[in-house]
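Hi,

Here is the structure I promised to pass on.

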Amino acid sequence: MCTSRASVDQGQVAYVALTYAAAGALTVRRFSRADLSGRSAETIAFWTNWAARCTYQGPHRDAVVRSALVLKGLIYDETGALAAAPTTSLPEEIGGERNWDYRYTWLRDSAAMLAALGAIGYLEEAQHFADWLLRTTAGRAEDLQIMYGIGGERLLHEVDLDHRKGYRGSRPVRVDNGAWDQFQLDTYGELLAAAFLVLKLRGAQTLTPRGAAFLCDVVELNIKRWQEVDEGIWEIRGGRRHFVFSKLMARLAVDCGLHILDLNPALTQDPGVRERWQDARQEMRTALETRGVDPKTGAFLRAFEHDELDASALQVGLRGFLPPDDPRILATIDRIEAELTRNGHVYRYLGEDGLQGEEGTFVFCTLWMASALARAGRTDAAETYLTRVLDCANDLGLLAEEIDPGTGEQLGNFPQGFSHLGVIGAVLNPAHAQPGADAFWIDRWKDLKGR
């Protein structure tokens with residue numbers, strides 16, 4: 001680690017140049033002030049021109065542009081992968097142990113990332129990410145992981161760096177992420193949703209026989225495993241459950257598989273596959289509507305056979321499982337507002353998760369609430385939730401993973417990709433609220449592709 005200190009006076013301009021190289025290969029080079037000034041101007045021009053490509057022109061455009069810039073900055077240009085955050089071990093609780101390495105790509109963000117980038121005009125970045133996604137996940141369905149390194153790495157064994165103090169004494173400092181080999185049922189649905197979106201845009205004929213076989217295998221494996229318990233979207237380390245969000249995404253996986261068949265019926269030669277998949281999809285729907293709903297309040301719960309709430313239940317409406325004004329969706333919104341919300345910010349959950357300490361409210365969940373309210377026609381309430389989040393951003397408009405609802409302090413890794421993804425969604429939803437899972441994003445992306 002290198003440290004240096006210098007003083008500058010008002011109006012004085014100073015440059016600091018940083019470089020990197022493999023161990024033993026670093027060659028120090030001095031840059032003239034003209035070189036540095038030219039590179040600075042070139043950098044400013046690139047980002048200014050890139051930001052100007054944003055096609056969204058409505059309310060909160062500055063926040064959308066800033067969020068797009070964050071997503072662009074998180075893309076590893078050599079592969080197209082989009083990291084969740086550029087940092088590791090920034091604490092979710094100051095002084096606590098909830099410190100994780102987020103410098104990887106999670107499949108759970110894939111479809112929404114593709115749709116959001118395309119919806120606001122960044123089709124090239126979306127296509128690059130799609131190429132990485134389909135290339136990295138290809139192989140055996142059984143080997144599919146919830147997350148990968150930005151270079152396609154698969155083995156991400158978590159290590160504690162005991163010699164590091166951590167941010168404000170928050171230990172342990174971790175590199176890599178032990179969740180990489182968890183079983184998260186929602187992964188199948190996220191991949192199939194992303195693949196369906198890509199095929200709609202590129203045309204089903206672009207899918208190779210090998211790629212078609214892989215996607216069909218993913219649907220079949222999803223059907224085989226959907227009744228198993230899993231760690232869930234939040235990567236719980238306190239035991240597996242029948243999480244409602246996991247079952248929702250299992251159903252979405254089959255639904256997207258059927259839509260992919262509609263695009264290209266020749267993808268499979270099995271004459272009974274459609275009927276079998278349709279039966280499985282209906283079985284999953286029945287389970288969600290009978291075992292996933294609180295019979296007293298009509299709200300969707302965190303997990304089957306558990307009387308707890310989880311903000312991921314907002315996705316039941318956002319993913320198009322039910323109309324956004326269905327009484328069960330409204331009951332879910334109302335209960336989450338009453339039980340998981342503090343000072344206008346939403347917690348993921350408040351139940352046991354196998355870890356010590358507490359965490360802040362989850363930015364993405366607060367923005368899900370804004371989107372759900374907008375879809376339900378409660379646009380004023382949606383705007384209030386969105387504004388509260390934006391008010392907590394730093395002076396550069398950047399958002400971390402979580403917020404302390406009492407102080408407004410940002411917590412967790414920073415800046416967080418899916419927090420800024422949530423901003424884009426929460427801004428777009430009031431303007432385009434309609435039934436269906438992100439349908440307006442897909443339509444917008446198709447329009448952009450035709451230009």
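Where is the place of T137? T137 sits in helix 4, which covers residues 123–137. Keep in mind that this is a predicted model.

Is T137 buried or exposed? T137 counts as buried because its relative accessibility is 2%, and the cut-off for buried is under 20%. A polar atom of the T137 side chain lies 2.8 Å from the backbone oxygen of L133. Leaving out residues up to four places away in sequence, T137 touches L107, L144, Y148, R154, L191 and F214.

Next, an arginine in a loop. R98 lies between helix 2 (61–73) and strand 1 (105–106). With a relative accessible area of 4%, R98 is buried too. What lies 3.2 Å from a polar atom of its side chain? That is the backbone oxygen of Q356. Again setting aside residues up to four places away in sequence, the residues that R98 touches include L90, P91 and E92, as well as Y349, D353 and L355. Q356 is also one of them, along with G357, E358 and E359.

Finally, a helix pair. Helix 6 (residues 209–225) packs with helix 7 (residues 244–263) at an angle of about 145°, and their axes are 9 Å apart. The crossing of these two helices is left-handed. On the helix 6 side the contact is made by L215, V219, N222 and I223, and helix 7 brings in A250, A253, V254, G257 and I260. Sorted by class, the contact has 7 nonpolar residues, 2 polar ones and no charged ones.

Cheers

Methods
Residues are numbered from 1 along each chain as its sequence is written. This is a predicted model: local features need pLDDT of at least 70, side-chain atom pairs count only at pLDDT 80 or more; totals for chains, interfaces and linings use all residues. Side-chain values use heavy atoms; hydrogens and water are left out. Axes are lines fitted to C-alpha atoms, for helices over the stretch in contact, and angles run from 0 to 180 degrees between N-to-C directions. Helices (H or I, at least four residues) and strands (E, at least two) are DSSP runs, numbered from the N terminus. A crossing is left-handed if the near helix is turned anticlockwise from the far one by less than a right angle, and right-handed if clockwise. Contact means heavy atoms within 4.5 Å. Ala, Val, Leu, Ile, Met, Phe, Trp, Tyr, Cys and Pro count as nonpolar, Asp, Glu, Lys and Arg as charged, and the others, Gly among them, as polar. Buried means under 20% relative accessible area, exposed over 50%, partly exposed in between (1.4 Å probe, protein chains only). A polar contact is a pair of N or O atoms within 3.5 Å; within protein, one must be able to donate a hydrogen and the other to accept it, and residues adjacent in sequence count only if both atoms are side-chain atoms.
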